[in-house]
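Me: I would like a close look at a single part of this model. Please take it step by step.

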Amino acid sequence: MSEKPVTLATLEQQFREFLLANELRQTRERFAILRAVYETKGTFTIEDLQERLKEVKFPVSTGTLYNTALLLVKANLLVRHPFSSSTTVFERVYPNQPRAYQVCNNCHRITIIKGQDFNNAIQSYKPRQFTVSHRISYVYGICPKCLREMRKKLKKLQATHPTPET
Ligand SMILES: [Zn+2]
């Protein structure tokens with residue numbers, strides 16, 4: 001698959017076709033939100049997106065933002081991450097670049113996996129009779145900080161509650 005970067009114009013065209021196919025209006029707000037999504041690097045929340053739109057002097061209500069974000073998810077332009085944090089986390093779709101994340105089960109911290117081997121493996125999977133729009137993987141576990149804290153806590157507990165001798 002080619003590594004050519006996807007331009008905003010391509011995404012706007014994709015969104016236009018999606019709105020047309022679903023008989024939805026092509027409003028200025030919807031396209032301003034798509035632009036803000038495109039310009040945001042990494043993961044973000046609805047609040048982050050609202051801030052970003054305020055910065056570019058295009059304030060949009062939370063309701064409109066949330067509804068448009070869901071439309072962008074349906075249009076394959078935005079990903080809603082299944083992270084178990086309390087806020088919904090989004091990220092734009094990168095059609096030509098696989099994305100892989102490590103998620104801590106304890107603190108819910110998310111880090112991008114940059115290992116080329118892992119990403120190449122995801123990219124090399126070419127299913128038959130299935131058109132791939134984008135590739136995302138999640139690896140769940142415990143981050144080093146949480147692991148350290150857990151070990152420290154365990155040590156402290158073991159010191160105060162020594163195991164009975166047999
Ligand atoms: Zn953690």
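Which residues have the most contacts inside the largest nonpolar core?

Reply: First, the ground rules. This is a predicted model, where local features need pLDDT of at least 70, side-chain atom pairs count only at pLDDT 80 or more, and totals for chains, interfaces and linings use all residues. Residues are numbered from 1 along each chain as its sequence is written.

The residues with the most contacts inside the largest nonpolar core are Phe15, Leu34, Val37, Leu72, Leu77 and Leu78. That core has 15 residues. A nonpolar core here is a set of buried Ala, Val, Leu, Ile, Met, Phe, Trp, Tyr and Cys residues joined through C-beta atoms within 7 Å. Buried means that 20 or more other C-beta atoms lie within 10 Å of a residue's own, with C-beta atoms placed from the backbone.

At least two core residues come from each of helix H1 (8–21), helix H2 (28–39) and helix H4 (62–74). H2 gives the most, with 4 residues. Helices are DSSP runs (H or I, at least four residues), numbered from the N terminus.

Now Leu77. Leaving aside residues up to four places away in sequence, Leu77 touches Leu11, Gln14, Phe15, Leu34, Leu72, Arg92 and Val93. Contact means C-beta atoms, placed from the backbone, within 7 Å.

Next, the helix pair. The axes of H2 and H4 come within 10 Å and cross at roughly 70°. Axes are lines fitted to C-alpha atoms over the stretch in contact, with angles from 0 to 180 degrees between N-to-C directions. H2 and H4 are therefore roughly perpendicular to each other, a label covering 65 to 115 degrees. From H2, Glu29, Arg30, Ile33, Leu34 and Val37 meet Thr64, Leu65, Thr68 and Leu72 in H4.

Conventions: Buried ≥ 20, exposed ≤ 12 C-beta atoms within 10 Å, placed from the backbone. Contact = placed C-beta atoms within 7 Å. Parallel < 35°, antiparallel > 145°, perpendicular 65-115°, else oblique.
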